[in-house]
Amino acid sequence: MEYSKRISENIKNGDTAGFSDIVREFSGKAFALTLRILGNKEDAEDSLQEAFMRLYRAIVSGQFEERSKLSTYFYTIVYNTAVDHYKKIKAKRFSIISIDVEGDNYEEGDDLNKSYSESHHSTGSSYSDKATRENEVSKIIGSYITSLPEQYSVILTMFYINDLSHEEISNILKLPIGTVKNRIFRAKSKLREIILKKYSEEEILQYV
Amino acid sequence: MKKIHFNISNFSSILGGMSGEGKNIDSYLNEQISLSLNAMPSQTFEEELLKRISIENEFRKQDVKTDKLAKSFIGTIVVSFIVLLIFAGFLLNKNSGESGGYLVNALDMFTVAIETVSLQLTSILGFTLGPQSAAIVLVLLVSIFLYSMADKFVFRKSPGK
């Protein structure tokens, strides 16, 4: 809190160098989130620039209350800006809406089964060494993450990259905290299941 | 019945190993998920953003200057007007005993000029510039001024929107 207070005071007094510290600290992590929502590097950068501009204006105008946590405040702006950006550039309905829309027959985890096709990654090749095998595991995890629907990948990014707590994620996405926990748990369980189908625990433990 | 005896000397290695394995796979998956989700913007991103910020900052400084200038300009006009009124009142009181004084003559001329303009307006536009219409114009001006000042406070944006 002290850090937020000091830095926002400096920025209010016209110190742009103070803001460049914020940019350096958050740009990578926030970019991962916008990229996950927009799926395109160029759009993600545009949206993130806009989010930083909004944060700057909020600090300068005194809209940002120093007692609130800067990171949570900023990631809320990043998320809202990316969603606005998506709505602007795409005519189709934003699939993030499905974050809190569930059909009658919908069960948590259904879409995880649909989205990832294991057949793409069953190469059947024999692995000569540990490094090749580890690389293969990383590839499987990478393609699993890429294939995840937004309602999972956005939450995972917020949790693993943006270091937000379950409560903070639930506040930003306006979802019940149980749903947030459940989605993280299910996404991870599914990943574990995929990996353990191909490799034994002992093999995985060699990479740890 | 034959009894089988187990002799376990190190419980912690067994139990610790069991829970440790699950934990290790967990930490491995966490690490891999983080790696897969990670992404970095282009190298010019920060530079471009800071350029935008410094331009915005310059505009903000200019706005503050213009605002101060406008405020001091309006303030000067209002203060001069008040000073002029007080001064005129003071002179009128001083000259009230004297007939045909310079100031009284000037005021008479001003009144005649207003009346002439008023008569001309009546003949051309069909309305008189009397104290009532002047008051309406004044109220309109005050309303416009208040609106232009008030919209800064009324139309505040909510965070992140």
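This is a predicted model: local features need pLDDT of at least 70, side-chain atom pairs count only at pLDDT 80 or more; totals for chains, interfaces and linings use all residues.
1. Extent of the interface. The contact draws on 49 residues from chain A and 33 residues from chain B, and the area buried between the two chains comes to about 4000 Å², with carbon and sulfur atoms giving 63% of that area. Within chain A, the residues that lose the most area to chain B are Gln49(A), Met53(A) and Tyr160(A), which together make up 15% of what that side buries.

2. Polar and charged pairing. Five salt bridges are found by the rule across the interface of chain A and chain B, and nine residue pairs are found in polar contact, with both residues at pLDDT 80 or more. Among the side chains that meet in a salt bridge are those of Glu50(A) and Arg52(B), at 3.6 Å from N to O.

3. Make-up of the chain A side. The elements of chain A that give two or more residues to the side touching chain B include helix 1 (2-12), helix 2 (16-38), helix 3 (41-61) and helix 4 (70-89), as well as helix 6 (130-147), helix 7 (150-160), helix 9 (177-198) and helix 10 (201-205). Sorted by class, this side of chain A has 25 nonpolar, 12 polar and 12 charged residues.

4. Chain B. Chain B has four helices and zero strands, its elements running α-α-α-α from the N terminus on. Of its 161 residues, 10% count as buried, while chain B exposes about 13400 Å², of which carbon and sulfur atoms supply 69%.

Terms used
Residues are numbered from 1 along each chain as its sequence is written. Chains are lettered from A and ligands numbered from 1 in the order in which they are written. Side-chain values use heavy atoms; hydrogens and water are left out. Contact means heavy atoms within 4.5 Å. Buried area is the accessible area (1.4 Å probe) that two parts lose on being put together, summed over both. A salt bridge is a side-chain nitrogen of Lys or Arg within 4 Å of a carboxyl oxygen of Asp or Glu. A polar contact is a pair of N or O atoms within 3.5 Å; within protein, one must be able to donate a hydrogen and the other to accept it, and residues adjacent in sequence count only if both atoms are side-chain atoms. Ala, Val, Leu, Ile, Met, Phe, Trp, Tyr, Cys and Pro count as nonpolar, Asp, Glu, Lys and Arg as charged, and the others, Gly among them, as polar. Buried means under 20% relative accessible area, exposed over 50%, partly exposed in between (1.4 Å probe, protein chains only). Accessible areas come from the Shrake-Rupley method with a 1.4 Å probe; for residues, only the protein chains shown count as cover.
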